[in-house]
Amino acid sequence: MGRVLVALLSATLIAAACGSTDDDAGTDADATPSVVVDAAFLDEQVALSWDPDIEGAVLAVVHDADGSSVWSAAGTAPDGSSPTLDTPVRVGSITKFFTAVLVLDLVDDGLFELTDSAADLLTRVSLDPAISVRDLLRHSSGLPDSTEFGDFLGSLDEEPERVWQPEEVLASVEDEPLAFAPGSSIAYSNNNYTVLGMLIEEVTGSTYAEVLRERISEPLGLSSTYLPPFETGPAPFGGFEGGTFGGTTVVAAIEEP
């Protein structure tokens, strides 16, 4: 979809024990890890996943339970730069996790319920009243995905700098019927979270970027996490070029725990 793809892994290491299974073998305290995740191991894994014939980059990072980090990278951005542990990158669909946390936080505040009809909470877009907030969160709404119909993806490639408004994204599939009755099945659709972003704005009376900053970024000290182009921050590594969904994906650096 773009010239560069940054693969990002951030995880807490959990060592798998491989001790004796005898009843009198004692505890797992003396067991040895089946895999030691160190710099050499990550270098090996990155090499296996990296194709030098394809322009792009791979960055793998593991945050250990003791607070230490190991990482490995291969490849470069179009400008020749290589990713490092401090490199901000677009997080792509991981933006959905931020959105889901914000929605659940607003539910905790009593602003609406997961069982509420999303149509009752929105004025900017018309939805089937049977679609609940929960349906949007778990992709059971039946909403079609703009990336699968018409020339939407082609438009992203033709106008990579264009900032798409949520209404414009949804309008690209306005003539498409629901894939199924809300709640009756599950099918991944980016448009579920486009709608949730709009819902967050309508319910709070603030922009998504403001709510993201107030409820997640600032409380957690995520100083390199922001929503371009609605906020400014460190320039992200040259990834997802030619199609950024109007810049509506979060940019975040891997920050030390």
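1. A nonpolar core is taken here as a set of buried Ala, Val, Leu, Ile, Met, Phe, Trp, Tyr and Cys residues joined through side-chain atoms within 4.5 Å. Buried stands for under 20% relative accessible area, exposed for over 50%, and partly exposed for what lies in between (1.4 Å probe, protein chains only). The model is predicted: local features need pLDDT of at least 70, side-chain atom pairs count only at pLDDT 80 or more, and totals for chains, interfaces and linings use all residues. Residues are numbered from 1 along each chain as its sequence is written, and side-chain values use heavy atoms, with hydrogens and water left out.

2. The largest nonpolar core comprises 32 residues, and Phe112, Leu122, Val133 and Leu137 have the most contacts inside it. Two or more residues of this core come from each of H2, H3, H6 and helix H7 (208–217). Helices (H or I, at least four residues) and strands (E, at least two) are DSSP runs, numbered from the N terminus. A second, separate core has seven residues, including Val37, Leu42, Ala60 and Val62.

3. Leaving aside residues up to four places away in sequence, Val133 is in contact (heavy atoms within 4.5 Å) with Val103, Phe112, Glu113, Leu114, Asp116, Ala118, Leu121, Leu196 and Leu199.

4. Which residues of H7 are buried? They are Tyr208, Ala209, Val211, Leu212, Ile216 and Ser217. Seen down the axis of H7, these buried residues fall within an arc of 160°, so they line one face of the helix; the arc is that of the directions from the helix axis to the C-beta atoms. The buried residues of H7 pack against H2 and H6.

5. Strand E2 (residues 57–63) is mostly covered, with seven of its seven residues buried. In a regular strand the side chains alternate between the two faces of the sheet. In E2, Ala57, Leu59, Val61 and His63 point one way, while Val58, Ala60 and Val62 point the other way, and all are buried.

6. E2 pairs with strand E3 (residues 69–75) in the antiparallel sense over seven bridges, where pairing requires that DSSP finds at least two bridges between the strands. Val61 has Trp71 of E3 as its bridge partner. Five residues lie between the strands of this hairpin, and Gly67 there takes a positive phi near 95°.

7. The whole structure contains eight salt bridges, a salt bridge being a side-chain nitrogen of Lys or Arg within 4 Å of a carboxyl oxygen of Asp or Glu. In one of them, the closest N and O atoms of Arg124 and Glu201 are 2.7 Å apart. Arg124 lies in the loop between helix H2 (95–108) and helix H3 (133–137) and Glu201 in helix H6 (residues 190–204), so the pair ties together parts that are 77 residues apart in sequence. Arg124 is partly exposed at 30% relative accessibility, and Glu201 is partly exposed at 22%.

8. Further salt bridges may be listed. Arg162 and Glu168 form one with their closest N and O atoms 2.9 Å apart; Arg162 is partly exposed at 26% relative accessibility, as is Glu168 at 32%. Asp135 and Arg138 form another, with a closest N and O distance of 3.9 Å; here Asp135 is buried at 5%, whereas Arg138 is partly exposed at 42%. Asp105, Asp109 and Arg215 are linked in a network of salt bridges.

9. The count of aromatic pairs is one. Rings of Phe, Tyr and Trp (its six-membered ring) pair if their centres lie within 6.5 Å; planes under 30 degrees apart count as stacked, over 60 as edge-to-face and the rest as tilted. The rings of Phe152 and Trp164 have centres 4.8 Å apart and planes at 70°, so this pair is edge-to-face. Phe152 belongs to helix H4 (residues 152–158) and Trp164 to the loop between H4 and helix H5 (166–171), 12 residues apart. Phe152 is buried at 3% relative accessible area, and Trp164 is buried at 7%.

10. Two backbone features deserve attention when the model is checked. Most residues other than glycine have a negative phi, and most peptide bonds are trans. His139, in the loop between H3 and H4, has a positive phi near 60° and is buried at 10% relative accessible area. The peptide bond from Pro228 to Pro229 is cis, with omega near 0°, and Pro229 is placed in the loop between H7 and strand E5 (251–252).
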